[in-house]
Amino acid sequence: MVRTFGCQMNEHDSERLAGLLEADGYQPVDSESEADVVILNTCCIRENADSKLYGTLGHLKSVKDNNPDLEIMVGGCLAQKDRDLIAEKAPHVGVVFGTHNVGRALELLEEHREGGEQVVEILEETVAADKESFPSALPVVREVGWAAWVTIQIGCDNNCAFCIVPSVRGVEVSRPFGDIVREIEIAATDGVSEVTLLGQNVNSYGRDITLDLRNRVGSAGVPEPSEIADLAGRSFANGQTRARPLFADLLRAVGAIEGIERVRYTSPHPKDLRDDTIAAMAETDSVCAHLHLPLQSGSDRILAAMHRGYTADRYLSRLSRARAAIPDLAVSTDIIVGFPGETEREFAETLEVAAEARFDNAYTFVYSPRPGTEAAEMTAQFVDHGVGVERMKRLRAVVERSSKLAQVARIGNTETVIVEGPSKRNPDRLSGRTEHNRLVHFTPPAPIRGGSVVSVRIVEASITNMIAEFVEVVREPTHKTRIPVTAG
Ligand code: SF4
């Protein structure tokens, strides 16, 4: 059993851990009491991640008391950060592993079983040549058969003051271009029609590859054209070594794979949103017209204190370039309110930028410190939590206004939806998503499988979802199985 406590990168790592377990002969189970192995895949981005983990480990201690053969493993970024602390606080854990050695999880379990001792292996960095460092290079048990997450890059070279990622995931390492394309081609033949390219700073994909290639050309280690093509795509094959990110090339290559109908990506950084990426989105039909562009703050002083590398004006001008090039673009964002030192005037600037940006959706957070980050040390400037909550309410009102206008404007439209499954609130209805990632519920005339592409007419819209009338099934899915991975 694999339990996940985190972000999409973590959920994707969990799919790979489930794939490793299945390849080793394990079967998924529904509860810890039936399990031989429980892997807790942790995340330290979420609030109270450690108390959640230790609460679960406390519960698992009693499960293990009843079943001493149960093996408990802890991986992910909290394990990377807290390493010895987990080992010390929870001696009943058999294996602690980090973010750079997901592929070794079962070897470490074997080591623990043979020696009987707790095994802790935390690597400091990922080696590009070690393909197993990329969770996408491991076997996989996908949560749904028609959609795949594909890690294209791990780590982050930025140093946002509020974020723990660089210290737990290391520097940016991009996966070779050819590996990514091959994996998606295989997934497409298995019936996957939607892929989400994952990276901490996804639109700087390939920067490390091209810099490395440029350094090697002219030296004894000059790569062969075939190696260049595999690392960096066909447009580099003639010995070109443009020192620029390859993300746009990758979007076009993935978008051209037969059977792939939707390409999404997350999370890009505004400072790395280049015109060639916007052009690739505009010119590649299968790349969804949806941009998630984290703003974080509308105040230039706060953006600088966060080390975000852009100003509010720069953010807005990149956004307007994207909107000009990509018709009917949906835009979502992340915003933190109450960052240490944020004044009422600076918060008002965030409100102004949010209103001007007309977001379709925003993930808003009241700042809370993550131990180990620069901002967590700024205790003298912490904003009172009540003030942060009140600011977030005002920000939500601004975002919901533009969000509702955008949703209501779609009433009467015929939209294409990929069906996810029964609606959580009304099992007679099905739910699915448009290319803009809008949630749509509709009543089908007959059973329709998840992954089907259907056409619907929008009849009602609220801030969070839309109600539609069924029009027709456009395409049946071709995938085969579904084996769930539980979320914690
Ligand atoms: S870009 Fe900033 S917020 Fe995103 S992972 Fe890197 S350090 Fe964290």
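# Close-up views of a predicted model

**View 1. Asn437 sits in the loop that runs from strand E15 (430-433) to strand E16 (439-442).** Helices (H or I, at least four residues) and strands (E, at least two) are DSSP runs, numbered from the N terminus. This is a predicted model, in which local features need pLDDT of at least 70, side-chain atom pairs count only at pLDDT 80 or more, and totals for chains, interfaces and linings use all residues. Residue numbers start from 1 along each chain as its sequence is written. Phi of Asn437 is near 70 degrees, which is positive although the residue is not glycine. Most residues other than glycine have a negative phi, and most peptide bonds are trans. Asn437 counts as partly exposed because 15 other C-beta atoms lie within 10 Å. The terms rest on C-beta atoms placed from the backbone: buried means 20 or more others within 10 Å, exposed means 12 or fewer, and partly exposed lies in between.

**View 2. Asp328 has a positive phi, near 55 degrees, in a residue other than glycine.** Its loop connects helix H12 (312-325) with strand E12 (330-337). Asp328 is exposed, because it has 11 C-beta neighbours inside 10 Å.

**View 3. Val337 belongs to strand E12.** It is buried, since 26 other C-beta atoms lie within 10 Å. Setting aside residues up to four places away in sequence, Val337 touches Phe347, Thr350, Thr364, Val366, Tyr367, Gly388, Arg391, Met392 and Leu395. A contact here is a pair of residues whose C-beta atoms, placed from the backbone, lie within 7 Å. Gly58 is 279 residues away from Val337 in sequence, and their C-alpha atoms are 34 Å apart in space.

**View 4. Ser368 occupies the loop between strand E13 (361-366) and helix H14 (385-408).** With 16 other C-beta atoms within 10 Å, Ser368 is partly exposed. Phe382 is 14 residues from Ser368 along the chain, and 9.1 Å separates their C-alpha atoms.

**View 5. Strand E6 (residues 147-151) is mostly covered, with 5 of its 5 residues buried.** Ala147, Trp149 and Thr151 point one way, Ala148 and Val150 point the other way, and all are buried. In a regular strand the side chains alternate between the two faces of the sheet. E6 runs parallel to strand E9 (residues 194-198), joined by 5 bridges. Two strands count as paired if DSSP finds at least two bridges between them. Within this pair, Val150 stands opposite Leu197 in E9.

**View 6. Helix H9 (residues 247-255) is largely enclosed by the rest of the structure, because 9 of its 9 residues are buried.** Its cover includes helix H6 (177-189), E9, strand E10 (262-266) and helix H10 (275-283). Val254 contacts Val181, Ile184, Val195, Leu197, Ile260 and Val263, leaving aside its neighbours within four places in sequence. Val38, Val150, Val195, Leu250, Leu251 and Val254 touch the most other members of the largest nonpolar core, which has 108 residues. H9 gives the largest share of this core, 6 residues. Such a core is a set of buried Ala, Val, Leu, Ile, Met, Phe, Trp, Tyr and Cys residues joined through C-beta atoms within 7 Å.

**View 7. The peptide bond from Thr266 to Ser267 is cis, with omega near -5 degrees.** Ser267 is in the loop between E10 and H10.

**View 8. Around the ligand stand Cys156, Asn158, Asn159, Cys160, Cys163, Val165, Pro166, Gln200, Asn201 and His269.** A residue is near the molecule if its C-beta atom, placed from the backbone, lies within 6 Å of it. This shell has 5 nonpolar, 5 polar and no charged residues. Ala, Val, Leu, Ile, Met, Phe, Trp, Tyr, Cys and Pro count as nonpolar, Asp, Glu, Lys and Arg as charged, and the others, Gly among them, as polar.

**View 9. Strand E17 (residues 453-461) pairs with strand E14 (residues 414-422) in the antiparallel sense, through 5 bridges.** Glu415 stands opposite Val456 in E17. E17 also pairs with strand E18 (residues 466-475), antiparallel over 8 bridges. Here Ile458 faces Ala468 in E18 as its opposite residue. The hairpin that joins E17 to E18 passes through 4 residues.

Technical notes: Two residues are in contact if their C-beta atoms, placed from the backbone, lie within 7 Å.
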